[in-house]
Amino acid sequence: MTPTLADAARGRILFGGDYNPEQWPEEIWRDDVRLMKGAGVNSVTLGVFSWSKLEPEPGAREFGWLDRLMDLLHGHGIGVVLATPTSSPPPWMGRLHPDTLPRDADGRTEWWGGRQHFAHSSATYRRYAAAITEDLAARYGAHPALTMWHINNEYCTFDHGDEAAAAFRRWLREKYRTLDALNTAWGTAFWSQGYDTWDGILPPRRAHYLKNPAQVLDFRRFTSDMLLECFTAERDIVRRHTPHIPVTSNFMPLWIGQDGWRWAGEEDVVSVDLYPDPRDPLGGQRGALVQDLTRSQARGPWMLMEQAAGPVNFRGVNHPKPRGLNRLWSLQAVARGADAVCYFQWRQSRQGAEKFHSGMVSHAGEHGRTHQEVRQLGAELASIGEAVTGSRIETDIAILHDWHSWWAGAHEGRLSTEVDLPEVLTAWHRALWEAHLTCDFAHPEDDLSGYRMVVVPQLYLLTDTAVDRLLAHVHGGGTLVCGFLTGVADEDDRVRPGGMDARLRELFGIRVLHEWWPLQAGETVECAGFRGTLWSEEIEPEPGAAEFVPYQGGELDGLPAVLHKGRAWYVSTLPEPDALRTLLASVAAGAGVRPVLEGLPATVEAVRRGDLLFLLNHGREPVTVEVPGSHRDLLGGGTVTGSVTLGRYGVAVLRP
C-alpha cells in the first residue's frame, strides 16, 4: 500500500520547518532542540541545500554531521523529513561539468552562486543526483527519525540549452511519431515553418518576432515532464529503500512551469509553499485559493511545507506579519485540509541571500514576538491534532483549472496582455470566498458528477473530453458557470470554428460570437446592474434560447453580457467584485448550495472540516458570530452556545 501523510503525522498535526544547522556551529544544535521542544515542534526538514556539505568534492561523502543530527533529533522525539539536496548543486559541478548548467532562451548560462542552477536534461546532473540520493537512502532509510522524503525543492528551472534541445526532440518524436503530425499540430504552414528533419527543431529560443505558440505550448509541456522525470528518478530510488516512507516535493503556488495535476498524481504527499503578503487586504483569500487547490490536488489532507513566521525578503518592501496573523493563516490552512504546518525556516540566517527572510526563531531570539507566537501556535496545534487530522472537507462546488490551458492562453500574440489567468482565477475564487462558499478545484477532464455547481473562470483551451465533461455535468442536472474566453482552442491551440466550441455555444444559447472586445487597463463597460472589467464580447444570442443581461451603451449596447440557458451560464466580461459575488451566490442558491453558516460578518471565514467548524476572523476588530446549538471550543476550552466572539484575527474551532 502506498504510504500517505497519515503515516508521517501519526494522529498529530506535523509542526516545524526547514532546519539548516550546517549554517551554525554545533554548539547551537542542542539549544535548537531545546527551543523546538518548547515550541511543540515535532518535525523538521533536513538537507534541502546541503549538497556541498554532503559532497564537498566529486564522489566524497561527509555524513558524520548528518548522523549526529539525525540521532540528536530522534533522541528528543523530533521526526525528520529528509531532503535530497539536488536543487542546488555544488560549485564544483558547474565548474567541472558546464553541461549541467541551464541556459535561457537567449543562450545565456545560469551560473552557480544562487540555487536551482541545474539543467534538467543533463545526463551528468542526473547521474550525480541519483548517486547522492542512493547514498542518502542507503544510509538513513532505516533511521528511526526518518518520517518522510522531500525530493529536491521548488522545481522551477527552464533550460533551452543543447542537451535540452536533444531531449525536446526525443520528447516530440515520442508524442507525434512523424514530422507530418508535428507540422500539422504546430500549424507550421504559417510563416514557412515546416520541418523536414527532426534535427531542425529547437526549443523556442530568442526569435526576431513572435514565436510559434504551439511550439511554446509543447515546450512548456516538455519542461514539466523533464522536471517530473528528475523527481520520479529520485523518488524511485528512495522508494526502493523505504517503500513504507511517504515522498513529497513542494509546489510553489500556481507556478506556470509544472502541470500540477500530473505532478500531484506522482506524490505520496502533496505539499506547497505559501507566502501571502501581510499588507494585502485579500491575503487570506489568496491563501485560501492555494489551500483549496492543494487539497484538491491531494484529494485529501496536504502539507504546508513552507510559510513565513514574519517578513520575507523577495518583495520590494517586506513587512512583518502583524500580531496574530501568523496564527490566523496557519489555522486557516488546517481548516482547509492541512495536516502539516511548517515554515522556512527554523532559525533566521545571519548570512546569505535570505538573511532577512524570517525564521521561527528570528534575529530577536527566543524572547522575540515571532518565536513567542510560534510557541503558542505549536501548543494549539497539538491540542486539536487528534480531532482534526485525517478529516476531510465536503463541498458542492468545483472550480476548474488546467495548466495546459494557462500555457496556451499566455502566448505572445494574444488579444490582451491585461488578461492574466491567475488574477482571473483569483477574482472568481474571491467571489465564492466572500460569499462564504467553500469550493474544490478540479481538472476539466475529471468526473464532475459529484458537484452541484461547476465554475470555469477561464479555460481558453479545452480538449474534446473536457467539453464532454461540461456537457455531461449540465445534462445530468448540474449547474455550470463559465467565464469569458473559454473553449476557444483545442489541445493543439488551434482556434475552434466559430471562436468557441460549437457544443458550448449551443449550451449557452450563443448563435454567433462575432468579436472579442478586450478592455484597456482601468476601462470598464456598463451592463444592466453592474460594471464589467478587463474583457467584453460581441455575442449574438440564439433567438429565444437564453435569457441575458445586456451591455448598456457603446458598441455592444443591448447585446448579452451574461447569458443564462437552463442550468448553464456564460459571463462574457469580468464583473466587478461585488457583482461577481452576487451573481455566483445567486446561482449557487439556485443550485441548492448554501454557505456553512448564514449571516456571517464580512470578515469571517467559516469552513467545516469533518465534524469541526472553523471560524476565522480576518479583521482587526472583534466580531460576534451566531452559531446555532451548543459547541465545545477546542482552542478556548469552553462551551459556545448561540454565539461566539472572535477578537482581532481570532479563531474558534468548534465541535458539536
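Predicted model: local features only at pLDDT ≥ 70, side-chain atom pairs only at ≥ 80, totals over all residues.
Reader: What makes the protein chain as compact as a globular protein of its length?

Author: The chain holds 18 helices and 25 strands. Its radius of gyration is 26 Å, close to the 26 Å that the globule rule gives for 656 residues, and therefore the chain is as compact as a globular protein of that length. Along its principal axes, the C-alpha trace spans about 80 × 75 × 45 Å.

Reader: How much of the protein chain counts as buried, and what share of the contacts joins residues at least 24 apart?

Author: Of the 656 residues, 59% count as buried, a term that requires a relative accessible area under 20%. Among contacts between residues at least 6 apart in sequence, 72% join residues at least 24 apart. The accessible surface comes to about 25,800 Å², and 49% of that belongs to carbon and sulfur atoms.

Reader: Why is the pair of Arg61 and Glu55 called a salt bridge?

Author: The closest N and O atoms of Arg61 and Glu55 are 3.2 Å apart, and the term asks for a side-chain nitrogen of Lys or Arg within 4 Å of a carboxyl oxygen of Asp or Glu, so the pair qualifies. By this rule the count comes to 47 salt bridges.

Reader: Are Arg61 and Glu55 buried or exposed, and how do you know?

Author: Glu55 has a relative accessibility of 1%, and because buried means under 20%, Glu55 counts as buried. Arg61, with a relative accessible area of 25%, is partly exposed, because that value lies between the 20% and 50% cut-offs.

Reader: What separates Arg295 and Asp292 along helix H11, and how do you know that their side chains meet in a salt bridge?

Author: Arg295 and Asp292 are three residues apart in helix H11, which covers residues 283–298, and so they are separated by about one helical turn. Their side chains meet at 2.9 Å, N to O, and since the cut-off is 4 Å, the pair counts as a salt bridge. Both residues are buried.

Reader: Why is Arg594, a salt-bridge partner of Glu598, called exposed?

Author: Arg594 has a relative accessible area of 51%, and because exposed means over 50%, the term applies to Arg594. The closest N and O atoms of Glu598 and Arg594 are 3.1 Å apart. Elsewhere, salt bridges that share partners join Asp31, Asp32, Arg34, Arg347 and Glu366 into one network.

Technical notes. Residues numbered from 1 in each chain as written. Heavy atoms only, no water. Helix = DSSP H or I, 4+ residues; strand = E, 2+ residues; numbered from the N terminus. Rg over C-alpha atoms; globule rule 2.2 N^0.38 Å. Buried < 20%, exposed > 50% of the residue type's maximum accessible area, 1.4 Å probe, protein only. Contact = heavy atoms within 4.5 Å. Areas by Shrake-Rupley, 256 points an atom, 1.4 Å probe, with all protein chains shown as cover.
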